[in-house]
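Please examine the backbone geometry of the structure shown below. The paragraphs that follow lead through a few of its local features.

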Number of protein chains: 2
Amino acid sequence: MSLFDGLSAFPITPTDAAGRVDTDALARILTRIRDAKVHSIGLLGSTGGYAFLSREERRRAVDCAMGTVGGDLPVIVGVGALRTDEAQALARDAKAAGANGLLLAPVSYTPLRDEEVYAHFVAVAEAGQLPMAIYNNPGATRFTFPRALIARLAQLPNVVAVKMPLPDGDDFASELAAIRAATPASFKVGYSGDWGCAAALLAGGDTWYSVIAGLLPVETLALAHASLDGDSVKAGQLNAAFAPLWALFKEFGSFRVMFVIAELLDLGTFAPPLPILPLDDDARARIKAALEGLQV
Amino acid sequence: MSLFDGLSAFPITPTDAAGRVDTDALARILTRIRDAKVHSIGLLGSTGGYAFLSREERRRAVDCAMGTVGGDLPVIVGVGALRTDEAQALARDAKAAGANGLLLAPVSYTPLRDEEVYAHFVAVAEAGQLPMAIYNNPGATRFTFPRALIARLAQLPNVVAVKMPLPDGDDFASELAAIRAATPASFKVGYSGDWGCAAALLAGGDTWYSVIAGLLPVETLALAHASLDGDSVKAGQLNAAFAPLWALFKEFGSFRVMFVIAELLDLGTFAPPLPILPLDDDARARIKAALEGLQV
C-alpha cells in the first residue's frame, strides 16, 4: 500500500491549558494506533487541533510521533497555517523531523481565491519536499476545492492525494470517477466524515481519513478492512454498531467528542483548547453508552 | 458622541513580506484619518489583517497608533484570536498601550457553539477592561450571532456595541428595532459592508465600520455626515459616486482592493500577506478609474 492508502488515524493532541503538548499522553495514543496496525497516522489534523498550536508545539508533537512510532507506520503531518511563510516553515519542520508525508488545508480568514490557494500549495509543496495530500475541508477552511483546481494541483510532483469531505447525497461513484478522470493514475482519493467512510471505501475510495481511529483503532480497522475487501454485509453490520457514535459526532462535532472518549478510555485527563468547551455530563453519559454499544 | 458612534475608519496594516509592521507607512495612513476628523479608528480589524499578524506585531501597530493619533480620536483595537488565552493577552496588550476600545470577533477553526462564544467574550472582556464591540463577521469567522446571544452579551458591563453584517434585503429597520428591544438603551448598533452603510445610518444605525474610510476618510465622512443628518438625497448622490468602488469591493474583496488604493494614493508600496495575492493590472486599472470617478 502507498502512503495515502487505507485507514489513516487522526489522534487528538493532548495539551495543557496553555497549549503545551503533553507528549507522554500523545505517545500513549500513538502507540495504541501503531499496535492496532492501522495504515498511517494523520498527526496534527483538525482532530489534532493544529490550528490551536504554536509552531514550537507542533514541532514537539512531530518529534514525539517520530520518536514513538516513526518507522513503524507512516506519519502524515498537517502543516496548515494562515500565512504561506508559516505553512512553509511547518512543512520544513516536519520534513526535518522525519515525517513521511504532509497534509495541507487552505486555512483562511479572508476567503481565498482559487489562484491564491494554488500558489499557496505550490509554495508549501516546494518547501516540504514530501508527498502531500490536499486537505479539502470546507467546514473548517471555508474553501471548497473546484475539481479543476484539484486536477491542476495533482500535476505538481509532490501533490499525490486528496482528502475529500463526503459528497452530496453520498454519491461517491460519480465523484471518484470525475476526480480520477482528471488526475494521474497514482493520485489517491480519500474521504473524511467517519459516518460515510465505510461507504467511501466500498465505492472504491483509496483512503479513510478517520477521526475515531485515533482512539478506537482496532474497531475502526475492522470496519475499514471489511469495506476495503468489498464485504458490504460485514461492513454494514460493523458500521451499524458505530451509528450512535456517528450521531454524537454530528451533534457535537467529533473534535469535542474525542476528548471525552480519551478520558473514558483512561488515557489521561483531557480538555479541548478554549474557546472549545468540554462537553457536559449528559453528553458524556451518551458517549459512554455509545462506546459500550461498540463493546469497547 | 460615544466611542462607538459615527464613522469608524479601518486602515490596512502595511507589513513587509515576513509580516513585520511598517510603522512609518501605518503612521501616514493614521494621520490622514485623524486629519479628516473621522470619529474613530478601527485598528487591526479584518481590513487591518489582524489574523495574519503575530502578537508582537499587533502590539507594535497599537503602539504606533497611540503614539501617532492617540488622544486625537478614539482608537478601537481588534483583539480576535483563535485561542481564548491569546485573545485575552491581546486585550491586555491593547489596554496597556492606551487603546480606547476593543473589537472582538469569534475567530474559529472548529465551528463554535453559542456557549463557547459567550464564555470567550466573557473571558476577553474581563481581561481587557475596556469598552468592547461584538464583531459579528460571519464571512470571516463562520459564526453568526443569534440575536439572543447579542442580547446576553450586551448585559456584560464592557460589551457596549455590535458591528453587524448587512441584513438580508437591507432591512435595517426591522433588525435595528429587534436588537434595540433586546439590549440596553446605550448599546450601539453599527454596520459593516461599505456599500450598504449609508443606508444603515439613514435607517438609524449608530456606527459605520468602514473599510474605505481607512484610505478615503474625507470622501467617506461626507457620505457619513449626509446619512447621519438624514439627508437621503445628498447621501444618495454621494453614494452613487462610490458605486464603481463598491462593485470592485464585492468582486475582489475589499481587503485586496485597499492595498491597490494605498499605492494609487502614493502612500507607499504595499502587498497583502501571502497567500492573499496582489490584484492584477486589469483590476488595478479598474480601481484607478473608480477613484477618478470620486475625484480623489
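Does A:Asp266 count as buried or exposed? The model is a predicted one, and in it A:Asp266 has 8 C-beta neighbours inside 10 Å. A residue is exposed if 12 or fewer other C-beta atoms lie within that distance, so A:Asp266 counts as exposed. The residue belongs to the loop between α11 and α12 of chain A. Most residues other than glycine have a negative phi, and most peptide bonds are trans.

The loop between α11 (254–264) and α12 (281–293) of chain A also holds A:Pro275. This proline is joined to A:Leu274 by a cis peptide bond, with omega about 20°.

A cis peptide bond links B:Leu274 to B:Pro275, and its omega is about 20°. B:Pro275 is located in the loop that runs between α11 (254–264) and α12 (281–293) of chain B.

A further position in chain B concerns phi. B:Lys37, a residue other than glycine, has a positive phi near 65°. The loop in which B:Lys37 lies is the one between α1 (23–35) and β2 (40–43) of chain B. Because B:Lys37 has 12 C-beta neighbours inside 10 Å, this lysine counts as exposed.

Methods:
Residues numbered from 1 in each chain as written. Chains lettered and ligands numbered in written order. Predicted model: local features only at pLDDT ≥ 70, side-chain atom pairs only at ≥ 80, totals over all residues. Helix = DSSP H or I, 4+ residues; strand = E, 2+ residues; numbered from the N terminus. Buried ≥ 20, exposed ≤ 12 C-beta atoms within 10 Å, placed from the backbone.
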